[in-house]
Amino acid sequence: MDRIDRIDEDAHTPAPPVTFTGRKTLVAAAVAVVLIAGALLIRPARTGDDARPPGPSERAAAAVGMGAPAAAVDVTALVADREKWLAKHPDDDASWAVLAGAYLEQARRSADPAWFPKAEKALKKSLAVRPAEKGNFDAMTGMGTLANARRDFGTGKKWGELVRAQSPKRWTAYPVLVDAYTGLGEYKAAQAAMERLLELRPGFAAYVRASQVYRDRGWREDAVVAMEHAAGAAKGPAEKAYTLFRLGELSWERGEAGEALRLYEGALRTDPAQSEAVAGRARALAALGRGGEAVRDYRLALGRTPVPRVALELGELLEALGREEEARLPYDMLGAMAVRDAGANGVDDDVVLGLYEADHGDPAAAVRRLSEEWSRHKSVQVADALGWALHKAGEDSSALEYAKKATDLGLRSADFAYHRAMIERALGDEAATRRHLQEAMRTNPHFSPLRAPLAKEALATIGQPPAGGPENMRPTRPWVAPELPKAAEPAAKPKPKPKPSPSASSL
């Protein structure tokens, strides 16, 4: 009993307090420091550990590195950040390449060729620090992207193929190759490069190029699906706005002006600085009969980015509205661009300027300009423009050869079909003219405020083919059954001779 009482008494006695001496405290603190330092050595802190969202320059650097559009504010911040850094660290080849990419994005957004020489200078400094022979792939890819932006697709192809030869699995070479091959008219090679890009890095850049390749081949549904995949892969407002703009362009080419307008407006809500979407909205508004609003948007887009295509469309819209005096201003702008050195800062808008000269200026000058362009870039766009210029210059037989090159690949373009129809009409081929006029109107009945009404008028003039089909398919006289020769009667078989009876032979 004494033992049990003692146990109960001990159970109710509180434990003595734990005390640390100064020496023990120092030892514990030292052990904690050692453990923390060891953990940091095993797994150092990374950029992703920062819970703060990326800043403007970081967002732009990520977008540029992925070959995607970036917001104007972010690109400006990236340019300022890299320029400040490189002023103190001029031997950072990677930062020079990033700065060049930012300059190229500025050129794309503003349509200002003054950024091209800056990008070229930055890329050359990057290559001077780390030459191409030592694997400066970022700068090499940047040189290819710069060449494509200048429409020097031959040089872009060389840089892209150089990167691919040294590092076949580096995905950044393939967007350069897709763009270069497309500009050169090497569409099979462009498709092969696009398929390889999808294998290596499916994402925004790959889906955008896939949509482009499918559109050029006439696979419109595939082009839309690929661009929708690009929209799903978009990570920022600028990328999302770009995909909405491209989807609007695809809808416009199919003649769906209302759907195109919705997509253009969606792009502008996502990124109000999207000047391309402003011009697209103007195009859709004109097709919907809202000419005044279309003129407003065209002028707004032209004020932001003086692009030849926008100036030509504005001039033709004003002319179609009977406002010829106002149309002189954009036409004069195009005329100044046409006589100016086309190679200034690497800018080359010879296709649009050639079409302007063919329709509103000197067709012979358009033929010269576009013939030089064809010697460099054999794309369907150049073939169509050259064929149209030859037609305007009175060389219809040669014009038809180029019109066929433009349309035979499969691209669904109402402009291409209309140009070919008018060339065939000049050559007296009414059946082919009717077929391609109908194709133009089916593809997009509002493809041009000037040429769409002319196409309708020409189609009404030609009319439908005569009843009965083509010539000599229907007999001119009633059908009469021919007199067929009678079959010869078969020859009569000889009757067998009767055999003699046994009784007669016995006698």
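**Notes on a pocket and a cavity**

1. Helix H3 (56–65), helix H11 (204–216) and helix H13 (237–253) each contribute at least two residues to the lining of the second largest pocket. Helices are DSSP runs (H or I, at least four residues), numbered from the N terminus. H3 gives the most, with 5 residues.

2. The model is predicted: local features need pLDDT of at least 70 and side-chain atom pairs count only at pLDDT 80 or more, while totals for chains, interfaces and linings use all residues. Residues are numbered from 1 along each chain as its sequence is written, and side-chain values use heavy atoms, with hydrogens and water left out.

3. The second largest pocket has a volume of about 440 Å³. A pocket here is an open set of points on a 1 Å grid over the protein atoms alone, with protein on both sides within 12 Å along at least five of seven lines; a cavity is a set where a 1.4 Å probe fits but cannot get out; lining residues have an atom within 4 Å of a point. Grid points are joined across faces, edges and corners, and a volume is the space filled by probe spheres set on the points.

4. Of the 25 residues lining this pocket, Arg-59, Ala-63, Lys-235, Gly-236 and Glu-239 lie nearest its centre. The lining divides into 17 nonpolar, 2 polar and 6 charged residues.

5. The whole structure holds 1 cavity of 30 Å³ or more. The largest cavity has a volume of about 60 Å³, and its lining is Arg-215, Arg-220, Val-224, Leu-250, Glu-253, Arg-254, Leu-411 and Arg-412. Helix H12 (220–233) and H13 are the elements that give two or more residues to this lining.

Note on methods: Nonpolar A, V, L, I, M, F, W, Y, C, P; charged D, E, K, R; others polar.
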